[in-house]
Amino acid sequence: MSTRTTDRRSPAADGAPAADRPAPARPAPARTGSGTRERLTAGMFLAPAVLLVALFLLAPFGWTVHRSFFSDTRTSPFSWFENYALFASDPALTRSVQNTLMWVVGTVVLPFVLGLAIACMTDASRLSRFARLCVVLPYALSGSAVAVVWNFMLTTDGAVNQVLTNVGLGSFAQGWLLTWPGNTVVMILANAWQATGVAVILFLVGLRSIPPETLEAGALDGANGWQQFRHVVLPQLRPVSIIVIGMSLVNGLKSFDLIWVLTQGGPGRATETLAVSMYNETFLELRPGAGAAIAVVLTVIVLAASWFYLRRQLDVKGV
Amino acid sequence: MSASGRTGSAAPPLARRRLLAGAAAGAAALAAGGCARGASTSAQPGTTSISNDNATWDDGYRAAGRELKKHTGYALRPLSNPSVTSYQQVVQMTLQTSKSSDLVKWASGYQLKRLARAGGLTDLTPVWDAYADRGWVRRASRDAFAYRGKVYGVPLYESYYVLFYSKPVFAKLGLSVPGSWDALLHCAEVLKRNGITPFLASQVGGWPAIEWFQELVSKTDPGFYQRLVDGEASYTDEPARRAMDVWHDFMRKGWMTAPDFDQARGPGALKEGTVGLFLHGTWQASGMSAVGMEPGSGYGAFLLPTLRPGTPRSVIAESGVFAVPSRASSHDAAMANVGAWLDPSVQRVWSDFLQDSSANPKVRASNPVVAGLQRDIARDRARALVRYWEASPPSLVQGNTNDLGGFMAGQTSPAETLRRMQERAGDEWAAWKKDEA
């Protein structure tokens with residue numbers, strides 16, 4: 001206790017010039033008993049969260065990794081990387097990877113571009129509140145409900161084809177959900193219809209936080225509207241853009257509900273993404289080992305993509 | 001610091017502790033409740049619980065249960081989970097626990113064999129033998145309910161795959177029930193000429209993709225169908241190729257609905273006259289009534305004719321089963337109820353509810369359309385073939401069903417589809433036999 005008190009005194013308090021004295025030592029660690037108690041207290045506060053994460057996230061993930069190395073026959077012998085080799089040999093999984101990539105590109109590009117455009121156009125408009133409500137409303141709906149609505153529109157005898165036929169464009173009517181890659185593309189568009197809402201909200205928040213002085217300065221320097229947007233607004237929206245793209249990236253990789261309700265991954269297995277394939281292999285084809293391998297690969301891809309993206313973006317920003 | 005001040009400063013931690021203690025107590029209570037036997041599957045006097053994946057049948061179970069109670073003292077208490085996939089997971093998991101229901105609705109054939117292989121089902125061989133002695137089951141169908149010689153399920157219902165049609169539409173177009181393949185083709189041509197899509201074909205929900213495949217293969221050669229599903233013939237053999245070519249030809253002629261046509265709309269489409277013939281199980285009869293079509297006057301049904309006149313007659317049959325988990329909470333009551341399930345008085349109520357044929361061949365359907373089909377099947381001595389969904393190992397059937405769905409959407413040619421199906425058959429039969437060994 002005395003040591004601690006001495007160390008905490010100001011060097012100047014002894015009456016000598018501070019410069020002549022050795023640099024004050026860093027405060028010594030707290031007494032052992034007190035430190036242990038603090039660590040214990042901190043541990044107790046952390047324990048529930050750590051336990052929950054370990055119990056419901058890490059343990060199942062560990063079990064999934066373990067299961068992926070075992071065969072799906074009745075006795076489930078250890079089979080090394082046999083389940084992972086399915087990615088090379090099973091055409092359904094190859095198609096699933098292609099679809100997942102399409103979903104990632106579609107769910108990143110469309111909500112970003114549309115969200116930014118709608119936010120910019122409605123920010124200053126008179127009807128902005130109403131327009132924003134229209135765009136944001138689908139985001140409040142559940143994915144399954146959205147899929148049911150789109151199913152009503154996209155089936156061969158659905159609303160879209162009926163409208164096309166009635167306006168004399170019957171030659172464009174087709175089975176929107178039947179042929180690849182068109183079926184995956186229309187589902188990505190349906191997803192964008194829903195997901196754009198949140199991007200609009202985030203971009204609007206970003207736009208509101210831009211100081212008007214920067215725009216005024218740009219205008220005084222003679223920048224036209226596009227130049228102001230490109231060189232003044234867009235750079236200041238970077239933090240929001242990082243969040244929008246990061247969220248879209250992960251959403252694209254784990255897309256499931258819309259696909260499941262609209263096509264269940266079919267016809268055949270043409271519209272499966274990795275998330276759907278994981279479910280299909282595990283619960284329908286009754287191959288939990290293959291399903292576990294897909295789950296592990298999907299997890300690695302999501303983590304790697306998120307990590308690379310956020311690390312690069314946040315480092316550049318210096319956040 | 002005043003006394004009141006101390007009290008004031010001490011209050012927040014105390015409240016927080018109380019809050020935490022309350023939350024902990026609540027969590028413990030929830031956990032304890034969760035660990036306890038669920039009220040839904042716990043034993044309830046005078047009833048047996050039954051897990052079921054078709055909530056629209058709940059009233060039928062209750063009605064049949066009231067009749068059962070007169071025989072056994074136990075009624076039926078349905079516990080429904082309408083999602084088939086989720087239902088299967090729940091049943092398979094709970095079979096290994098003490099939270100299983102008393103009776104479980106399941107599919108017959110290889111679906112039942114796989115469940116029995118995992119353990120947890122009661123041997124119902126004595127019950128089956130007692131039924132067989134009374135003539136309440138078809139002895140020839142025993143294999144569809146057995147695994148390694150022991151019976152693990154009693155028939156819950158038996159449906160046939162037939163073509164439903166609208167009697168008013170047929171009368172308007174001057175059509176009659178086709179008795180031969182050529183007559184069927186004539187029907188299709190007339191329907192198409194009048195702007196009606198002749199056949200309903202769908203892959204919505206996955207499994208309906210098997211319907212036309214099993215029907216065309218079995219009507220090409222029923223013996224081949226049996227060998228095919230037993231793993232003794234190849235999907236690339238001539239009868240399968242011929243059946244797929246016929247199907248492909250129907251699709252090219254525009255005789256089939258788009259593959260994303262929802263079968264739930266089938267009865268309505270028949271009534272409206274937008275679709276001519278609906279290939280489906282006879283359990284669809286209740287759906288016909290639901291849209292206001294009366295059996296006999298509103299709609300009729302017939303078996304698909306064979307492709308060649310000399311081909312033996314056959315019918316695709318679908319049977320559900322009742323299985324009894326060995327750890328059922330009211331095991332004795334469950335055994336009593338499966339032992340009386342096929343009693344004609346119980347089946348009368350059940351068959352009337354379903355408007356379908358009973359699994360007890362001595363009980364005649366009250367629905368005149370289904371009764372007529374039963375009569376035709378008996379008269380022609382049509383061979384009952386197990387539906388494709390239950391006739392081969394589940395992993396093989398699921399994969400091949402996906403391939404058939406792809407074929408319906410035009411992704412693969414008939415030859416390529418069959419090649420893929422055969423490739424999978426080789427792998428999956430080898431895996432099944434290896435597991436059995």
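A:Tyr139 is partly exposed, as 16 other C-beta atoms lie within 10 Å; by the criterion applied here, a residue is buried with 20 or more other C-beta atoms within 10 Å of its own, exposed with 12 or fewer, and partly exposed in between, the C-beta atoms being placed from the backbone. The structure is a predicted model, in which local features need pLDDT of at least 70 and side-chain atom pairs count only at pLDDT 80 or more, whereas totals for chains, interfaces and linings use all residues. Residues are numbered from 1 along each chain as its sequence is written, and chains are lettered from A and ligands numbered from 1 in the order in which they are written.

A:Tyr139 lies in the loop between helix H5 (128–136) and helix H6 (143–154) of chain A. Helices (H or I, at least four residues) and strands (E, at least two) are DSSP runs numbered from the N terminus. Leaving aside neighbours within four places in sequence, A:Tyr139 is in contact with A:Gln194, A:Gly197 and A:Val198, a contact being a pair of residues whose C-beta atoms, placed from the backbone, lie within 7 Å. The C-alpha atom of A:Tyr139 is separated by 16 Å from that of A:Phe256, 117 residues away along the chain.

Chain A has 14 helices and zero strands. Of its 319 residues, 29% are buried. Among the contacts of chain A with a separation of 6 or more, 67% are between residues 24 or more positions apart. Two cis peptide bonds in this chain involve proline: one joins A:Trp180 and A:Pro181, with omega about 5 degrees, and another runs from A:Gly266 to A:Pro267, with omega near 0 degrees. A:Pro181 is in the loop between helix H7 (159–166) and H8 of chain A, and A:Pro267 is in the loop between helix H12 (257–262) and helix H13 (274–284) of chain A. Most residues other than glycine have a negative phi, and most peptide bonds are trans.

Chain B has 18 helices and 11 strands. The C-alpha trace of chain B spans about 100 × 55 × 50 Å along its principal axes. Buried residues make up 48% of its 437 residues, and residues 24 or more positions apart account for 76% of the contacts in chain B with a separation of 6 or more. B:Arg148 is in the loop between strand E4 (146–147) and strand E5 (150–151) of chain B and counts as exposed because it has 9 C-beta neighbours inside 10 Å. B:Arg381 is in the loop between H15 and strand E11 (383–386) of chain B and also counts as exposed, with 9 C-beta neighbours inside 10 Å.

The domain assignment of chain B gives domain 1 (47–158 + 319–375) and domain 2 (159–317 + 386–436), with bounds that come from an automatic or database assignment. The centres of the two domains, taken over C-alpha atoms, are 27 Å apart. Their contact takes 19 residues from domain 1 and 21 residues from domain 2. On the domain 1 side, the elements that give two or more residues are H4, strand E6 (154–166) and helix H15 (368–380) of chain B. Helix H4 (residues 109–117) of chain B is mostly covered, with eight of its nine residues buried, including B:Tyr110, B:Leu112 and B:Leu115. H4(B) is followed by B:Gly119, with a positive phi near 90 degrees.

Helix H17 (residues 394–408) and helix H18 (residues 414–436) of chain B pack at an angle of about 170 degrees, with their axes 9 Å apart. Axes are lines fitted to C-alpha atoms, for helices over the stretch in contact, and angles run from 0 to 180 degrees between N-to-C directions. H17(B) is therefore roughly antiparallel to H18(B), a term used for angles over 145 degrees. Among the residues that make this contact are B:Leu396, B:Leu404 and B:Phe407 of H17(B) and B:Met421 and B:Trp429 of H18(B).

The largest nonpolar core has 161 residues, and those with the most contacts inside it are B:Val154 and B:Val338. Such a core is a set of buried Ala, Val, Leu, Ile, Met, Phe, Trp, Tyr and Cys residues joined through C-beta atoms within 7 Å. The largest share of this core, 11 residues, comes from helix H8 (residues 182–208) of chain A. Leaving aside neighbours within four places in sequence, the contacts of B:Val338 include B:Leu103, B:Val154 and B:Phe322.

Note on methods
Contact = placed C-beta atoms within 7 Å. Parallel < 35°, antiparallel > 145°, perpendicular 65-115°, else oblique.
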